[in-house]
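Please refer to the sequence and structure shown below.

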Amino acid sequence: MEQGCSRVQPQISYRAISDEEFVLQCALPDKDATHIYNNTLLKQHEVKWFWRQKDNEPLKPVKESSNPAFQGDALWFKPVRDSASGVYICMIREKIPCLKIVLEVQTKEAAKCSGYDTNTLPLLAGIGNSITCPGTKCYNHIKKPDVKWYKDGRQIKHSKSRQSLKLKHNEIYLNPTYDNDAGMYVCDYTLYDNNINWTMRTAVTIEVIAKNTIHPPNFLYPNGVVILEAELGKPLELKCCVQFGFERVSQVTVTWRRNNKENINENLIQETRVYPKGLKGHTVLHVVKLKEVTERDLRSNFTCFAKNLVGNATAVIQLKRKQRVFLLYVLCSAISTLFALLLCTAFIYQHWIEIVLMYRSYLVHNETAGDGKEFDAFVSYAKLDASESDSTLISEEKFALEFLPDMLENKYGYKLCILERDILPGGAYTDEVVTAIKQSRRVIIILSPAYVSGPSIFELQAAVNCALEDKKIKLVLIKFQAFQEPETLPPVVKKALRILPVVTWKSSIYAAPNKKFWKYMHYYMPVKTTKMLGNCSLKGFFQRLLSLVYR
């Protein structure tokens, strides 16, 4: 396929200046294009490049190397050489089947360049500066149209958000210049030469600098003389942190000396880390490592010596023998703390529900106010005939119509929605169920064999769907009787039975308000002010909490 590409006419022709940086993008010509390269790694593996120097040569694949280098959808020359001239063909899978590019690299002399110096330009931050396109200093005998500028691959245009940047007379004016103006700038213009429309592309690297500092190094640590405790025979690190002002040509030195003497025979293990360089300078962390503290170390002064172009500074660390800590005291304190922590953990685990309910009662505001819901909970249960119920046990209907309202409504002040009691007959059953659920904050499902295998399972499915739509609706499952899950249950119901909270009903003795079942039911119900709360104060909360401890 690439051999067939070689016979098509070139779509783009570029001129470049030898020994300068240059970039080729695998992209079809587009006058409205806003990028000249895309450095994403994803594109890098999709682009294939081929090259030949002369027309009669076969195409050769461009192999990845440091020069040229593959970066995203572009080929970077750092720098481009005369020998890079030729025909380049690139392909991007499913996007560009074939793109033929001609590249002609000329020396500055052949391009008749004048005043073309280095392609790196330092600009002083905080003042006005201008950037000239290096390519406009070449081909002085040919008239040049407007220049297109790109920074880090993106086209530069006038922007209301950056009034200080202006494009004028093919130059960029920055007033003032900021730190983030640094980067790679590429400029293009069209050059008509030898009956060919060339795109003349050159690049300039902008380095934003500050004025050189007038201050010597500044010690962040140690400051002056610091006395440090050390244990004999143990390893030790001595840290020296020094702040240096900006210097364009940085010649800083940081080193440790014993007794402020540079002993070439002593091999101190030293490490240096440099933290962000910027217009305000940089910070150096210099560490000396002592394998083990000796008597000689305890008698020595360790001096950190720092130097820049302005001057030098020193700081000192003196070592002091560390007194051994009374081990038994530390051990006893640790054991006591651990024992107290275990006691607290056990207490919280045992009384977690009571603590949460007390906290909600005394310290949490009513969460039901203004939520637009009419009911605190919708009650769903299996409706059985008298012949189907077991007279020896509490029936589901009696539990739903008597026990739940007696405790949750009369004792805790919640408002339940029981379909047969609170919804007027006459509407469609499915619509009434969905409407009632949407008007409720909780849905209480009383599970039994009759429920999961009967028509009432629709109410559970409807509740799950409503809860997925409205995050304020939560489901509480009561395992009234043991049951086997039918295979015909909808997937959403099976998942709900696995992940939703379940409270197990064991016998009628749980009807008392202080038993575990009703505590869990109260726990899963909405937080609201009820007639059970009494004096809602922080003092009352702690009084009830203390009653749990001494109970």
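Is the link of Cys-240 and Cys-304 right-handed or left-handed? With -85 degrees about the S-S bond, this link is left-handed.

## Basis of the model

The model is predicted, with local features requiring pLDDT of at least 70 and side-chain atom pairs counted only at pLDDT 80 or more, while totals for chains, interfaces and linings use all residues. Residues are numbered from 1 along each chain as its sequence is written, and side-chain values use heavy atoms, with hydrogens and water left out.

The average pLDDT (the predictor's confidence in each residue, from 0 to 100) is 82 for the protein, and 85% of the residues score at least 70. Over residues 530-536, pLDDT stays under 50. For residues 530-536 the model has 11 contacts (heavy atoms within 4.5 Å) beyond four places in sequence.

## Overall composition

The protein contains 13 helices and 29 strands. Both are DSSP runs numbered from the N terminus: helices are H or I runs of at least four residues, and strands are E runs of at least two. Of the 551 residues, 43% are buried, where buried means under 20% relative accessible area, exposed means over 50%, and partly exposed lies in between (1.4 Å probe, protein chains only).

The accessible surface amounts to about 31,700 Å², and carbon and sulfur atoms account for 54% of that surface. Accessible areas come from the Shrake-Rupley method with a 1.4 Å probe; for residues, only the protein chains shown count as cover. Among contacts between residues at least 6 apart in sequence, 70% join residues at least 24 apart.

## Disulfides

The structure has 4 disulfides (pairs of cysteine sulfur atoms within 2.5 Å). In the disulfide of Cys-240 and Cys-304, the sulfur atoms are 1.9 Å apart. Cys-240 belongs to strand S19 (residues 236-244) and Cys-304 to strand S23 (residues 301-307), so this pair ties together parts that are 64 residues apart in sequence. Both Cys-240 and Cys-304 are buried.

Another disulfide joins Cys-113 to Cys-138, with an S to S distance of 1.9 Å; at 100 degrees about the S-S bond, this link is right-handed. Cys-113 lies in the loop between strand S8 (96-106) and strand S9 (120-124), and Cys-138 in the loop between strand S10 (129-132) and strand S11 (148-151), so the pair connects parts 25 residues apart in sequence. The link of Cys-133 and Cys-187 has an S to S distance of 2.0 Å and is right-handed, with 80 degrees about the S-S bond. Cys-133 is in the loop between S10 and S11, while Cys-187 is in strand S15 (residues 183-193), 54 residues apart.

## Nonpolar cores

A nonpolar core is a set of buried Ala, Val, Leu, Ile, Met, Phe, Trp, Tyr and Cys residues joined through side-chain atoms within 4.5 Å. The largest one has 33 residues, and those with the most contacts inside it are Ile-89, Ile-131, Tyr-139, Trp-149, Ile-172 and Tyr-185. At least two residues of this core come from each of strand S7 (86-92), S8, strand S14 (171-174), S15 and strand S16 (196-209). S16 gives the most, with 5 residues.

Beyond its neighbours within four places in sequence, Tyr-185 is in contact with residues including Ile-131, Trp-149, Ile-172 and Val-204. A second, separate core of 27 residues includes Phe-378, Ile-437, Leu-475 and Leu-489.
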